[in-house]
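User: I would like to go through this model with you. Could we begin with its surface and then turn to the salt bridges?

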Amino acid sequence: RPLLNVLGILLGTAVGIVVLGIALLAFAGRSMLRSMMDTWQRGKEAVQQQKEKFQELVAALYPRFVSEEILRGERRVVLQLPEATVFFSDICNFTASSMKLTASELVEWIGYTFGAMDVIAEYWKVYKIKTIGDAYFAIAGLPGLTAADDTVGHVMRMMHFASCVTQVFSNRYLHPDSGLCLDLIAKKSILAKQAGTSSHKRSLDHTSGARTSASGHSSASFEGLSRLQCPMRYGLATGPVTAGVLYGKCPSFDVWGTTVHVANQVEATGRPGQLHCHEAVYRAVIATPGNPYLWDKPHTTYAKGFGNLTAVFVKGTHQPPPKELLGSLLLEPRMGFFVFDHQPVKHRDSVPVGLSEAFHGSVHGATDGTISVVSSVIADFST
């Protein structure tokens, strides 16, 4: 009997231990399962975050229609566009100017200039293809950049973009804060030496009175050099282009075709501070009711690989950059007719053509004082 009691006790203890072990094992298994589920959930969320970052990166690197194709797994993205408008700009005397700068000053200059152009391009739904050294290459008319009910054509969008860029980097606007680097560039540039004191005085007279920028600097201290801050040539052409993605070590989106080459050649034969447009752009703009641009006389220019082409300079516009766009660039709105070329027009017998209906309407409906101002501007063009 004592032996049976001992065996009973041992058996009960063993059963208790087994039950306790099973309970501990179940608890550990449950905790382990919960931990595994938490790890799996965190991994799933991390993968989703990485996927979203990848999608954002692809969307930032490529136009919308290209990014959609890539995210669907398409390896070959090619598109033939029957119509698009191409833009090229190039900073004048960039090599000579950059030799006067330190590395950080050069990067700040280019970074601010192209950064401001990016803001303007985004506003007008223009897509920047790339920058090539000191050149800026953009296109309007890619699918997916504008709404389906968009009433502004790609030619006018590019014209408005180019006009805003030209005006923003002219002596009409002062660039506060980061834009103060442009003043430094102008002071170091050999262009400042070439301009001389007469150009300095003429630019100072352009805006009377001293204003204070957002950074607290007096505008009169660098207003005179503002025309020399970032002089650029501009070229526009419109027509068919081929677009696609080049795969390799660094896949990139690009466009090719005759239109691209023509825009590049029109820019190369242009003048600083003036929009130089191929004939097709000129005809498309003057055919648009209410366009705000005043044109020079069409002329013939030589384009490498094409021979002679017909191109036209834009003389001026009565449409300033939109206030909300200027606000995003921290620039104060300035009103009035804008003359693209600071130098006298070479064509003495030039007759202004393509004056928009809206501009005519504003002249006929204006006061005598306004008419006299506009008349004086047009008289200056003819001389």
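User: Which residues make the nonpolar surface patch of about 520 Å²?

Analyst: L3, L4, V6, L7 and L10 make that patch. Patches consist of residues with over 30% relative accessible area and no salt bridge, where like charges are joined within 9 Å and nonpolar side chains (Val, Leu, Ile, Met, Phe, Trp, Tyr) within 5 Å. This is a predicted model, in which local features need pLDDT of at least 70 and side-chain atom pairs count only at pLDDT 80 or more, while totals for chains, interfaces and linings use all residues. Residues are numbered from 1 along each chain as its sequence is written, and side-chain values use heavy atoms, with hydrogens and water left out.

User: Where does V6 lie, and what is its relative accessible area?

Analyst: V6 belongs to helix α1 (residues 2-61). Its relative accessible area is 42%, which makes V6 partly exposed. Buried means under 20%, exposed over 50%, and partly exposed in between, with a 1.4 Å probe and protein chains only.

User: What about the chain in general: how many helices and strands?

Analyst: The chain has 12 helices and 10 strands. These are DSSP runs numbered from the N terminus, with helices being H or I of at least four residues and strands being E of at least two. Of its 383 residues, 42% are buried. The chain exposes about 20300 Å², and carbon and sulfur atoms supply 60% of that; the areas come from the Shrake-Rupley method with a 1.4 Å probe, and for residues only the protein chains shown count as cover.

User: What share of the contacts joins residues at least 24 apart?

Analyst: The share is 73%, taken among contacts between residues at least 6 apart in sequence. A contact means heavy atoms within 4.5 Å.

User: Is helix α5 covered or open?

Analyst: Helix α5 is mostly covered, with 15 of its 15 residues buried. Its end C-alpha atoms are 21 Å apart, in agreement with the 21 Å that residues 154-168 should span at 1.5 Å a residue. That expected span is 1.5 Å times one less than the number of residues.

User: Now the salt bridges. How many are found in the whole structure?

Analyst: Seven are found. A salt bridge is a side-chain nitrogen of Lys or Arg within 4 Å of a carboxyl oxygen of Asp or Glu.

User: Which partner does R64 have?

Analyst: R64 pairs with E68, and their closest N and O atoms are 3.2 Å apart. Both lie in helix α2 (residues 64-71), four residues apart, or about one turn of the helix. R64 is exposed at 52% relative accessible area, whereas E68 is partly exposed at 36%.

User: What does D118 bridge to?

Analyst: D118 forms a salt bridge with K128, with the closest N and O atoms 3.2 Å apart. D118 lies in helix α4 (residues 103-123) and K128 in strand β2 (residues 127-132), so the pair ties together parts that are 10 residues apart in sequence.

User: Which residues are linked in a network of salt bridges?

Analyst: D90, R233 and E267 are linked in that way.

User: And how many disulfides?

Analyst: The search of the whole structure finds zero, a disulfide being a pair of cysteine sulfur atoms within 2.5 Å. C92 is buried at 6% relative accessibility, and C277 is buried at 0%.
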